Structure formats: C-alpha cells, structure tokens
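Take a look at the structure below.

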Amino acid sequence: VPPPSPHLRHRPLHNNSCSSHFIYNFKMKLAVIATLAAGASAFAPTAQVSRSTALNAKKVGPKLQYMPCISTDDLPAPGSATSGVAGGLAICIAVDEKGSVFALGDKCPPVNQPLSFGKVVGGTIADPVLGTQFDLKTGEVVSWCPSGLGKLIGGIFDPVGVPVYPVQAKGKSVNVQVDVNYKANFEADYWSGILDAQGKSNGKYY
C-alpha cells in the first residue's frame, strides 16, 4: 500500500509515562488470564436458545467491498496503530516507519486482545501482551509468543496469523476492503452450531 498523500494528517500519540505503560500491561495480562479462565464456562450447561432465530439464519456468498474504517484525521503516527470498524469487522490500522498504511484483523491469537495496541517496527506489528509479531503485509507469524507470559500460554496453541485487507484513502476516509457478508455468515454458523448441540440445525432432533 503506498504511503498516504501529504494532505493526510497524522495524529500524534500521547506520550505515556513508564508508570502508565506498566499499569496498562498489567491490566492487559489480567484480562488475558481472565479470558482463559472464562473459557472453562464453555463446558457448563447452557440455557435453551430460541430455534426460530437460528433457523432463519442463512449463509450468503461473499461480497468484497471497500468500507469506511476511520477518518484520515485519526491516522496514527508512523510506528503505531489504531482501531476501527469496517463492515462490522474489527480492524487494526497500522502505519509503518515510512508512513505506509496497512489494515489487519484487530484480534491477536490465541486470546484475541487488540492488535491495535501493538508497536509497529521492522515491517511487523507486535502483540502488546504476548509479544507475537505479525507481518504487516501478509499477517503471518514472524515470532510466536516470545514474552514471558507468551511462552506460558503460546505453547498450548499452534501459531496462527491474522487476516490482512486492502486499504485506501479516499477523501477524508480510510477505507478497507472486507467481505460485507462475513459477519452475517459467521453468526449463521454460530446459531447453527447452537442448534446442533441441542438437536439439529433443521429444528429436528436425533
């Protein structure tokens, strides 16, 4: 993706103190631990789910379209990232040291903390908690969970990258090309899975 045109303004990031950075990392690590603990609830009995909602959820074909994500006024400074939403998907907008703009999925595997809090350096963006580095162009893993907490958690999971999306600046908007039907299809699969756990996705029982 070519660098944004000169008229695009970069919003400088606030300089955080070492204390604020420590508190933020501490809170993020607590959130990761809480997320892992909450995963155990998946094995608990669940309440009955309305079948009418699930039965009406039908998948449709993919439809790629450029969607507004953030304003050009909200572009982060080089070497940093920010978050946005395009077509119902959480997007990380990252700017490398040369000013080139990239769009990636904003959920870091394996526990889905925001990638947009990460640091951009050397063609990669790093997970702010577990330390995983993702290639800005491909989304592939460059280094998997190298931090102390990352080594503890990352060894349980196979390395997984993040999706990347074409991005363009148009007027005062940074647009990202996404499948605008992805969110609806994901929800259709979710509700179908709920029904399969109770009977069958066609409303019948085994």
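We begin with the cores and then turn to the cysteines. This is a predicted model, in which local features need pLDDT of at least 70 and side-chain atom pairs count only at pLDDT 80 or more, while totals for chains, interfaces and linings use all residues. Residues are numbered from 1 along each chain as its sequence is written, and side-chain values use heavy atoms, with hydrogens and water left out.

In soluble globular proteins, nonpolar side chains tend to be buried together. A nonpolar core here is a set of buried Ala, Val, Leu, Ile, Met, Phe, Trp, Tyr and Cys residues joined through side-chain atoms within 4.5 Å. Buried means under 20% relative accessible area (1.4 Å probe, protein chains only).

The largest nonpolar core has 15 residues. Ile91, Ile93 and Val176 touch the most other members. Strand 1 (64–71), strand 3 (89–95), strand 4 (101–105) and strand 13 (173–179) each give two or more residues to this core. Strands are DSSP runs (E, at least two residues), numbered from the N terminus. Strand 3 gives the most, with 4 residues. Another core lies apart, with 12 residues, among them Cys92, Val120, Phe134 and Val162.

Now pick out isoleucine 93. Leaving aside neighbours within four places in sequence, its contacts (heavy atoms within 4.5 Å) include Cys69, Leu75, Phe102 and Val174.

How many disulfides does a search of the whole structure find? The search finds 0. A disulfide is a pair of cysteine sulfur atoms within 2.5 Å. The sulfur of cysteine 92 is 7.9 Å from the closest cysteine sulfur, in cysteine 108, so it is too far for a bond. Cysteine 92 is buried, at 0% relative accessibility. Cysteine 145 is in no disulfide either, as the nearest cysteine sulfur, in cysteine 108, is 9.4 Å away. Cysteine 145 is also buried, with a relative accessible area of 2%.

Methods. Buried < 20%, exposed > 50% of the residue type's maximum accessible area, 1.4 Å probe, protein only.
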